[in-house]
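Welcome, and thanks for opening the viewer. Please load the model below and follow along, one selection at a time.

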Amino acid sequence: MRKIVVTGGQGFIGSNLVELLLKKKYFVINIDKSSYSANPYNVRNFKNNKNYIFFKADINNRKKISKILNRYKPLGLFNLAAETHVDRSIDNPHAFLKTNIFGVFNLLEAVNLFNKNSKKKIKFVHVSTDEVYGDIKKNSQVNESYNYNPSSPYSASKAGADQLIKSYYRTYGSNVIIVNSCNNYGPNQLPEKFIPKVIFNIIQNKSIPLYGKGTNIREWIYVQDNCEALLKIFNRGKIGNNYNVGSGIRIKNLEIIKQILNIAKKNKLINKNKILVRFVKDRPGHDKRYAINSNKIKSEL
C-alpha cells in the first residue's frame, strides 16, 4: 500500500490533508507533537481506520523520525508541522525558529539518511506560505522567482526553511518540493485565526477586533482545494521546484467581516446591529497586501 507521512497532521491544513489521503486510499502516518495549534478532535474520525496511525513526536526528534521512516518506508512526506500565528511569533520568536527552521533541518537530515540507504527515495513536500514574499504593491502579483522579503519572525522563519530546503536540493540532490500557499480557511481551523475568530465572536455576540482600518488585503483559498493542490504537486510536481497555490481572490479584512456578518444575519443568527467592529492598534510589521501568481501550477500541473 502507498504510505505517506504527514507531519503536523492534527493541525488545520494537516488534518484536512490526512482526510484527503485516506479517501485516496493511502496509508497515512500522522506525526504531531500535539501543541496548542494541534487538536486530536480534528482526526477523531480516523483513529479506528486500519490505514491510519498516529505518533506523538516533535520533528526536532530526529532519532524518532528516522525510526518511523525506517519502519514504514513511505513514498513521501508532507511537512505541515509549524508554528503559524504571526502574533505569537512577535511575542516569542524562539519557538518559531526552533520548529520552523531547526525542525525542518532535522526532517531533511532524517529523509536524506533514509534515502541514502534505500532504493526508493522519499519525496519531501514542504508546505510554506505566501507571506515569505512580504508586502506586495497594488496591482502586482508575485511568481515563484520573486525575491523573499519577510516582515515578521513567523514569515522569516518560513523563508529560512524554504532557503534551507533549496540548499539541500542544490548541494545534496534532495528529493524536495516547496509549496507557497495563500491564506487557507475551512474546517478545523484554530479559533484564534481571523475567520474562525470572527465567527466565534458573532456567535458569542461579542465585538470583533480588527487591526488598523481593516484595509489589509489577503488572498484566500478553501483548505480542501489547497489539499487537492498539494496532492497534485506530490504526484506530478518537479523535484527542486516551488509552486504557488492561490485562488486569485483577494479581499480586504473588513470586507471579509462584512460578508460573514451578512451570512449570519441571513441565517438569523444575529441582529447585525448588535455586533460591532472594534478597530485596534495595528500589529507591528503588518503586511498591507498579499497576491501570488499561480499560473505555474495551472499551466504545468
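Start by selecting helix H1 (residues 12-23), where you will find both Lys23 and Glu19, four residues apart, or about one turn of the helix. Helices here are DSSP runs of H or I with at least four residues and strands are runs of E with at least two, numbered from the N terminus. The side chains of these two residues, Lys23 and Glu19, meet in a salt bridge at 3.8 Å, N to O (a side-chain nitrogen of Lys or Arg within 4 Å of a carboxyl oxygen of Asp or Glu). Lys23 is exposed at 60% relative accessible area, while Glu19 is partly exposed at 29%. Buried means under 20% relative accessible area, exposed over 50%, and partly exposed in between, with a 1.4 Å probe and protein chains only.

Before moving on, a word on the model: it is predicted, with local features needing pLDDT of at least 70 and side-chain atom pairs counting only at pLDDT 80 or more, whereas totals for chains, interfaces and linings use all residues. Residues are numbered from 1 along each chain as its sequence is written, and side-chain values use heavy atoms, leaving out hydrogens and water.

How many salt bridges does the structure hold? There are five, and your next stop is the one between Arg88 and Glu192, with the closest N and O atoms 2.8 Å apart. This pair links distant parts of the chain, 104 residues apart: Arg88 sits in helix H3 (residues 86-91), and Glu192 in the loop between strand E7 (183-185) and helix H6 (194-203).

Now select Arg250 and Glu219, whose side chains form a salt bridge of 3.0 Å, N to O. Arg250 belongs to strand E11 (residues 250-252) and Glu219 to strand E9, 31 residues apart. Is Glu219 buried or exposed? Glu219 is buried, at 0% relative accessibility, whereas Arg250 is partly exposed at 28%.

Arg289 is buried yet has no salt bridge, and Glu219, the nearest side chain of opposite charge, is 7.4 Å away. Beyond neighbours within four places in sequence, Arg289 has contacts that include Lys138, Ile217 and Arg250 (heavy atoms within 4.5 Å).

For a last stop, select Asn60, in the loop between strand E3 (52-56) and helix H2 (62-72). Its C-alpha atom is 8.1 Å from that of Lys98, 38 residues apart along the chain. Asn60 is partly exposed, at 22% relative accessibility.

Terms used:
Lys and Arg count as positive and Asp and Glu as negative; His and the chain ends are not counted.
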